[in-house]
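Work through the exercises below with the structure open beside you. Each task is followed by a solution in steps.

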Amino acid sequence: MTDGDFLRVSDVSKWYGDEQVLDEVSFGMDRGDVTVLIGPSGSGKSTMLRCVNRLAEAQEGSITLDGEEVLSPDTDVDELRREVGMVFQSFNLFAHLSAVGNVALGPRRVLDLSENEARERAANQLERVGLADQLDSYPAELSGGQQQRVGIARALAMEPKLMLFDEPTSALDPELIGEVLEVMRSLVDEGMTMLVVTHEMSFARAVADEVVFLDDGRVVERGPPEQLFERPENERTGRFLERIASHD
Amino acid sequence: MSVAGPLALDASDSLGALAPSTASGETPLTAAAVGSVSESIDWWLVGDPADWWFVVRNVDYLAGGVLLTVGLTVASILLGFLAGFPAGAVEVYGEGLPKRLVSTAGVVLRGTPIVVILLVMYFVIGVPQVNLGVGSISPAISASILGLGLRSAAYQSQIFRAALSSVDDGQLEAGRSVGLSQFEAIRYVVVPQALRRSIPGFQNEFTIVLKDTSIVFAIGLAELLTRGYDLFTQETTAVLEVILFISGIYFVLTFTTNRALDYLGTRYAIPEGESA
């Protein structure tokens, strides 16, 4: 398989104390690709995702984004994060700011846009995720699905070249998952490069260019979704998919 | 008046050694007095008109005390905030030497009696007179502000430390994920939430500092409570009236400030919905 080299993860390893949580993980993505990381909880997929924007520090290996080494000590992490959007499992919306305030904070303080420009950009992004009528609502006044869409808008407002999704629907009531996946699908259609950790296998099957199965910090198997889901080569992949399917 | 009601007896009793002259030679509480509480309730609760007149005649003297009390409180709370807020932040986000220094200073200040702090400021360190353009602040006052202010900083640092720590880590992380620096994320995301959460603790601290200003008598200053004490030792029949009067002033000061802070808390409350 030829790896993309827009985002290239090579032999990344990480330890928490003595415990190794990532073991020489490698994969690559081209611009516009959607890669989905799957695996049992504790397999290291969220940690892998967080290493890409340095919210977690990998100790070995290399991650390059658009040719630049991410893990280098010389990398300006604030600049890196400006270009890499992140959506959290627990939304992590700024509790004291309205929807528009949440989305505008980055453009205002990081990109130094004027108050008006930042608000306008925020309003546009909220419209993009279907929340044009909730601009002034506070996080606690929104449903989980709406909160997560604000979270997506907040990341999009920085005009990132890569979006990271860390189990974006895992904290949602089942009836609210659809609206978030719908927004994510629309981003796929727009050609956004997305690295997604999720348990939503039907979403992965529908939109992923590549699925990476992690277990115990290691890449057990990876490939296009039709191959990985229909004809898993590794027995562990098969067992994981069966367990997941039995809960669907 | 002479002290005849239970409230007045309590008041002079609780002053104990401070006011021996008022406690001695008073009319003892008689069975008759107890029996006639219902008819005498008016006058023992409000005091003797002649003694109230004594308070009124000395209202200037007390007003000077109010001024000192309020001035010391405002200056100490302000100094306490300016030093205590950063100190709390260093305790939460700092590491290494700065964090150790700040937390040690806090432990020492909180563990030392306020009288000792004031005596050290005044007699040991010898805080000098401070000259402002319009006037000067006496060494005793600047020592008081420094002592009360630093002590308050040590307590306020804990209010803010708790408030900063109570903000979920995900908030800071989300701030950093859009490219804010650590400082910016704390400044724009964590601090606004922490300040709101520190209002109740701050109300406590304000009330404590206000009433603790009376301790400056130890270095020769006479604020409201000390001036009240001066008055009723002169006019020993007016103990109740003086105490009621200055208690009223303390009440007005704490009540209005607490209400103002309540208003601030409501005004800037983070809206909560039903579907959180």
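**Exercise 1.** Leaving aside its neighbours within four places in sequence, which residues is Leu164(A) in contact with?

*Solution.* Keep in mind that this is a predicted model. Step 1: apply the cut-off, by which two residues are in contact if their C-beta atoms, placed from the backbone, lie within 7 Å. Step 2: leave out the neighbours within four places in sequence; the contacts of Leu164(A) are then Leu49(A), Val52(A), Asn53(A), Val84(A), Gly85(A), Met86(A), Val87(A) and Leu195(A).

**Exercise 2.** Describe how helices α7 and α9 of chain B pack.

*Solution.* Two packed helices are described by the angle between their axes and the distance between the axes. Step 2: read them off. Helix α7 (residues 96–111) and helix α9 (residues 139–166) of chain B pack at about 120 degrees, and their axes are 9 Å apart. Step 4: list the residues that make the contact. From α7(B) these are Gly106(B), Leu109(B) and Arg110(B), and from α9(B) they are Leu150(B), Arg151(B), Ala154(B), Tyr155(B) and Ser157(B). Step 5: sort the residues of this contact, which gives four nonpolar, two polar and two charged.

**Exercise 3.** Describe the side of chain B that touches chain A.

*Solution.* Step 1: count the residues; 21 of chain B are in contact with 23 of chain A. Step 2: find the helices. In chain B, α10 (169–177) and α11 (182–197) each supply at least two residues to this side, and α10(B) gives the most, with six. Step 3: sort the residues of this side of chain B into nine nonpolar, eight polar and four charged.

**Exercise 4.** Compare the UniProt record for chain B with the model.

*Solution.* Step 1: the unreviewed UniProt entry lists residues 66–255 of chain B as "domain: ABC transmembrane type-1". In the model this span is 79% helix and 2% strand, with its end C-alpha atoms 15 Å apart. Step 2: the entry also annotates "transmembrane region" at residues 61–89, 101–124, 130–150 and 238–257 of chain B. Step 3: take two of these spans. Residues 61–89 of chain B are 100% helix, with end C-alpha atoms 42 Å apart. Residues 101–124 of chain B are 92% helix, with end C-alpha atoms 22 Å apart.

How values were computed. Residues are numbered from 1 along each chain as its sequence is written. Chains are lettered from A and ligands numbered from 1 in the order in which they are written. This is a predicted model: local features need pLDDT of at least 70, side-chain atom pairs count only at pLDDT 80 or more; totals for chains, interfaces and linings use all residues. UniProt positions are given in the numbering used here, feature names are shortened, and annotations may be inferred rather than shown by experiment. Helices (H or I, at least four residues) and strands (E, at least two) are DSSP runs, numbered from the N terminus. Axes are lines fitted to C-alpha atoms, for helices over the stretch in contact, and angles run from 0 to 180 degrees between N-to-C directions. Ala, Val, Leu, Ile, Met, Phe, Trp, Tyr, Cys and Pro count as nonpolar, Asp, Glu, Lys and Arg as charged, and the others, Gly among them, as polar.
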